[in-house]
Amino acid sequence: MQVTREQQQEWAALKYDVMAHSQREYNAIRQLFKGNEWNEEKEGSYRRLIQNAYETVPTRGSLLNAYQHVWGYFKRIATPEELVRYRELSEHFSPTTDELLPFLRALTVKYQMKYLLNSNLLFPTKKTDS
């Protein structure tokens, strides 16, 4: 059976959040979705990998990596001032005083990036359905 639209939408919403927790689980889930074929075994693996990712505490590096991927949506449309601010926030980023996340949220709303408006990393709604 093929990957359903709902499964694709769920993964789209969770992918940067999973990436922020664990690049390993993120990469493993990407492999599951390759080929667009799906079955119960893949579904179970998918759920376990998401759970494993959320059991991993994000690090400065893993969060910055996810934020850099999100920034990619803005790099061609952001103002020069927004670029400077992004660089400053990235350079001085600390998970305990995270100013980069609210900045990226604000850009998402400002530029109405539909894909990112559904991102669980930026706008948390749930961790997993399992």
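A salt bridge is taken here as a side-chain nitrogen of Lys or Arg within 4 Å of a carboxyl oxygen of Asp or Glu. The legends describe a predicted model, in which local features need pLDDT of at least 70 and side-chain atom pairs count only at pLDDT 80 or more, while totals for chains, interfaces and linings use all residues. Residues are numbered from 1 along each chain as its sequence is written, and side-chain values use heavy atoms, with hydrogens and water left out.

**Figure 1. Salt bridge between Arg47 and Glu43 in helix α3.** The closest N and O atoms of Arg47 and Glu43 are 2.9 Å apart. Because the two residues are four positions apart in helix α3, about one helical turn separates them. Helices (H or I, at least four residues) are DSSP runs, numbered from the N terminus. Arg47 counts as buried, at 18% relative accessibility, whereas Glu43 is partly exposed at 21%. Here buried means under 20% relative accessible area, exposed means over 50%, and partly exposed lies in between (1.4 Å probe, protein chains only). Glu10 joins Glu43 and Arg47 in a network of salt bridges. A search of the whole structure finds six salt bridges.

**Figure 2. The buried and exposed sides of helix α3.** Helix α3 has 15 residues and reaches 21 Å from its first C-alpha to its last, close to the 21 Å expected at 1.5 Å a residue. The expected span is 1.5 Å times one less than the number of residues in the helix. Tyr46, Arg47, Leu49, Ile50, Ala53 and Tyr54 are the buried residues in α3. They lie on the same side of α3 because they cover an arc of only 165° around the axis, the arc being that of the directions from the helix axis to the C-beta atoms. Glu40, Glu41 and Arg48 are exposed on the other side of α3. The cover over the buried residues of α3 includes α1 and α2.

**Figure 3. Asn39 at the N-terminal end of helix α3.** Asn39 caps this end of α3, with a side-chain oxygen 3.0 Å from the backbone nitrogen of Glu41. In the loop between α2 and α3 lies Asn36, which has a positive phi of about 60° although it is not a glycine. Asn36 is partly exposed, with a relative accessible area of 27%.

**Figure 4. The largest nonpolar core.** A nonpolar core is a set of buried Ala, Val, Leu, Ile, Met, Phe, Trp, Tyr and Cys residues joined through side-chain atoms within 4.5 Å. The largest one has 37 residues, of which Tyr46, Phe74, Leu100 and Leu104 touch the most other members. At least two residues of this core come from each of α1 (5-21), α2 (23-33), α3 (40-54), α4 (60-71), α5 (80-91) and α6 (100-111). Leaving aside neighbours within four places in sequence, Leu104 is in contact (heavy atoms within 4.5 Å) with Tyr67, Val70, Trp71, Phe74 and Leu122. In soluble globular proteins, nonpolar side chains tend to be buried together.

Figure 5. Leu107 is buried, with a relative accessible area of 3%. Apart from neighbours within four places in sequence, Leu107 is in contact with Trp71, Phe74, Glu82 and Gln112. Gln112 lies in the loop between α6 and α7 (114-117) and has a positive phi of about 50° although it is not a glycine.

Figure 6. Glu82 counts as buried, at 10% relative accessibility. Glu99 is in the loop between α5 and α6 and Arg85 is in helix α5, so the pair ties together parts that are 14 residues apart in sequence. Both are partly exposed, Glu99 at 47% relative accessible area and Arg85 at 34%.

**Figure 7. Ser22 in the loop between α1 and α2.** Ser22 counts as buried, at 8% relative accessibility. Leaving aside neighbours within four places in sequence, Ser22 is in contact with Ala53 and Thr56.

Notes:
Polar contact = N/O pair within 3.5 Å; in protein donor to acceptor, adjacent residues only side chain to side chain.
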